Amino acid sequence: MKTGAATLFAGVLVLGVVVSGAQAVGSNSKGRAGRMPDLVVAAVWNSPASVRASSVFDVGASIKNAGARRAGRSLARFYLSPDRRRNRSDRRLGVRRVGALPQRKVSRGIARLIVPAGTPAGSYFLVVCAD
């Protein structure tokens with residue numbers, strides 16, 4: 001997991017970045033390690049250091065199929081979180097569609113994200129998950 005530190009500014013949402021590899025399509029945890037697709041977030045770029053509630057910004061993300069089989073179409077999801085872990089209380093900012101990926105290939109693309117109105121100022125992390 002890669003993380004970035006954040007600092008608090010009045011009236012501004014300050015972002016760090018967390019790159020999170022989520023469970024793969026088909027889940028490698030069932031004794032078939034290495035024979036299933038395994039989608040991971042390989043990189044995040046162009047993440048702003050700070051944003052305001054109701055603002056729109058673009059972030060790049062690379063999703064890699066680290067598994068041994070082709071992965072079907074999926075989504076990269078972007079969340080605003082007060083900590084480095086994704087949970088149900090985090091605010092979803094947007095998604096990026098990821099096309100089918102052959103083994104060991106990477107999909108690079110930009111996601112347009114929207115910070116929900118009414119989001120309180122503070123320090124947050126941008127959590128990126130691949131499914």
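## Arg96 and its surroundings

The side chain of R96 reaches the backbone oxygen of A61 at 3.1 Å, and that of S107 at 3.0 Å. Both are polar contacts (a pair of N or O atoms within 3.5 Å; within protein, one must be able to donate a hydrogen and the other to accept it, and residues adjacent in sequence count only if both atoms are side-chain atoms). R96 is placed in strand β6 (residues 91-98). Helices (H or I, at least four residues) and strands (E, at least two) are DSSP runs, numbered from the N terminus.

A salt bridge is a side-chain nitrogen of Lys or Arg within 4 Å of a carboxyl oxygen of Asp or Glu. Not counting residues up to four places away in sequence, R96 touches A61, I63, S74, L75, A76, F78, S107, R108, G109, I110 and A111. Contact here means heavy atoms within 4.5 Å.

## Basis of the model

This is a predicted model, in which local features need pLDDT of at least 70, side-chain atom pairs count only at pLDDT 80 or more, and totals for chains, interfaces and linings use all residues. Residues are numbered from 1 along each chain as its sequence is written, and side-chain values use heavy atoms, with hydrogens and water left out.

## Overall composition

The protein chain has 0 helices and 8 strands, in the order β-β-β-β-β-β-β-β from the N terminus on. Of its 131 residues, 40% count as buried. Among contacts between residues at least 6 apart in sequence, 66% join residues at least 24 apart.

The accessible surface of the protein chain is about 7,100 Å², and 49% of this belongs to carbon and sulfur atoms. Accessible areas come from the Shrake-Rupley method with a 1.4 Å probe; for residues, only the protein chains shown count as cover.

## Strand pairing

Strand β5 (residues 74-81) is mostly covered, with 6 of its 8 residues buried. β5 and β6 pair in the antiparallel sense over 7 bridges, and S74 stands opposite V98 in β6. β5 is also joined to strand β8 (residues 122-130) by 6 bridges, again antiparallel, with F78 opposite V128 in β8. Two strands pair if DSSP finds at least two bridges between them.

Strand β4 (residues 56-65) runs antiparallel to β7, with 9 bridges joining them; V56 stands opposite I114 in β7. In a regular strand the side chains alternate between the two faces of the sheet. Strand β7 (residues 106-114) has a covered face made of S107, G109, A111 and L113. The uncovered face of β7 holds V106, R108, I110, R112 and I114.

## Salt bridges

How many salt bridges does the structure hold? There are 2. In one, the side chains of D58 and R112 meet at 2.8 Å, N to O. This pair links distant parts of the chain, since D58 is in strand β4 and R112 in strand β7, 54 residues apart. D58 is partly exposed, with a relative accessible area of 26%, whereas R112 is exposed at 57%.

D131 forms a salt bridge with R77, the closest N and O atoms being 2.5 Å apart. D131 lies in the segment after β8 and R77 in strand β5, so the pair ties together parts that are 54 residues apart in sequence. Both partners are partly exposed: D131 at 27% relative accessibility, and R77 at 22%.

## Loops on either side of β3

S55 is found in the loop between β3 (50-51) and β4. The side chain of S55 reaches the backbone oxygen of R52 at 2.5 Å. Leaving aside neighbours within four places in sequence, S55 is in contact with L113, I114 and V115.

Most residues other than glycine have a negative phi. S54, placed in the loop between β3 and β4, has a positive phi near 70 degrees and is partly exposed, with a relative accessible area of 47%. N46, in the loop between β2 (39-45) and β3, has a positive phi near 65 degrees. At 52% relative accessibility, N46 counts as exposed.

Notes
Buried < 20%, exposed > 50% of the residue type's maximum accessible area, 1.4 Å probe, protein only.
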